[in-house]
Amino acid sequence: MFSIICAIISGIAMSLQGVFNTRLGEKIGTWETNVFVQATGLVLTLIILMFFGKGNFKCIKEVNKLYLLGGLLGVVIIFTVMKSIGSMGAACGIGIILVAQITAAGVIDAFGLFGTEKVPFTLKEFIGIGVMIIGIVIFKWKI
């Protein structure tokens, strides 16, 4: 149940962040917004780390170097979310983002990429993604 609540909070937070970043970017610029968002995230994370951090940065040497690209992906995510919401609106932009996200996650699961357990991607999953795409089309349909 806790995982479901976290997923709901995450979805709401990502939608809000996308809109907030887009509006901020309209005033101060896209890359300026990206720097501000990353910097405030770093400051907050450092504060949280001081109180709750239990890991060991020395172990970073043992991690697959590919997994260190998370920060780079964060920059790409902030930029592309801002651009999609800015030109398509929040609902359509985030709808397409969700379809791309669940499709990529399905490929990762189906092939067991990046150390994940293989989870079959069957006709049922393809139908689910198709229904999502149809939903976005209906949502944007001008009658």
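At what angle do α2 and α3 pack, and how far apart are their axes? The angle is about 130 degrees, and the axes lie 10 Å apart; axes are lines fitted to C-alpha atoms, for helices over the stretch in contact, and angles run from 0 to 180 degrees between N-to-C directions.

This is a predicted model, in which local features need pLDDT of at least 70, side-chain atom pairs count only at pLDDT 80 or more, and totals for chains, interfaces and linings use all residues. Residues are numbered from 1 along each chain as its sequence is written, and side-chain values use heavy atoms, with hydrogens and water left out.

Helices (H or I, at least four residues) are DSSP runs, numbered from the N terminus. The angle makes α2 oblique to α3; angles under 35 degrees count as roughly parallel, over 145 as roughly antiparallel, 65 to 115 as roughly perpendicular and the rest as oblique. From α2, Thr30, Trp31, Thr33, Asn34, Val37 and Gln38 make the contact, and from α3, Gly71, Gly74, Val75, Ile78, Phe79, Met82 and Lys83. Contact means heavy atoms within 4.5 Å.

**Helix α3**

Helix α3 covers residues 70-88, and its 19 residues should span 27 Å at 1.5 Å a residue, which agrees with the 26 Å between its end C-alpha atoms. The expected span is 1.5 Å times one less than the number of residues. Gly74, Ile78, Val81, Met82, Ser84 and Ile85 of α3 are buried, where buried means under 20% relative accessible area, exposed over 50% and partly exposed in between (1.4 Å probe, protein chains only). Their cover includes α1 (2-28), α2 (30-52) and α4 (90-111). Just after α3, glycine 89 has a positive phi of about 90 degrees.

**Aromatic pairs**

The structure holds 2 aromatic pairs. Rings of Phe, Tyr and Trp (its six-membered ring) pair if their centres lie within 6.5 Å; planes under 30 degrees apart count as stacked, over 60 as edge-to-face and the rest as tilted.

| Pair | Centres | Planes | Type |
|---|---|---|---|
| Tryptophan 31 and phenylalanine 79 | 4.9 Å apart | at 10 degrees | stacked |
| Phenylalanine 121 and phenylalanine 126 | 4.8 Å apart | at 90 degrees | edge-to-face |

Tryptophan 31 lies in helix α2 and phenylalanine 79 in helix α3, so their pair ties together parts that are 48 residues apart in sequence. Tryptophan 31 is partly exposed at 49% relative accessibility, and phenylalanine 79 is partly exposed at 26%. In the other pair, phenylalanine 121 is partly exposed at 26%, whereas phenylalanine 126 is exposed at 52%.

Key. Helices (H or I, at least four residues) and strands (E, at least two) are DSSP runs, numbered from the N terminus.
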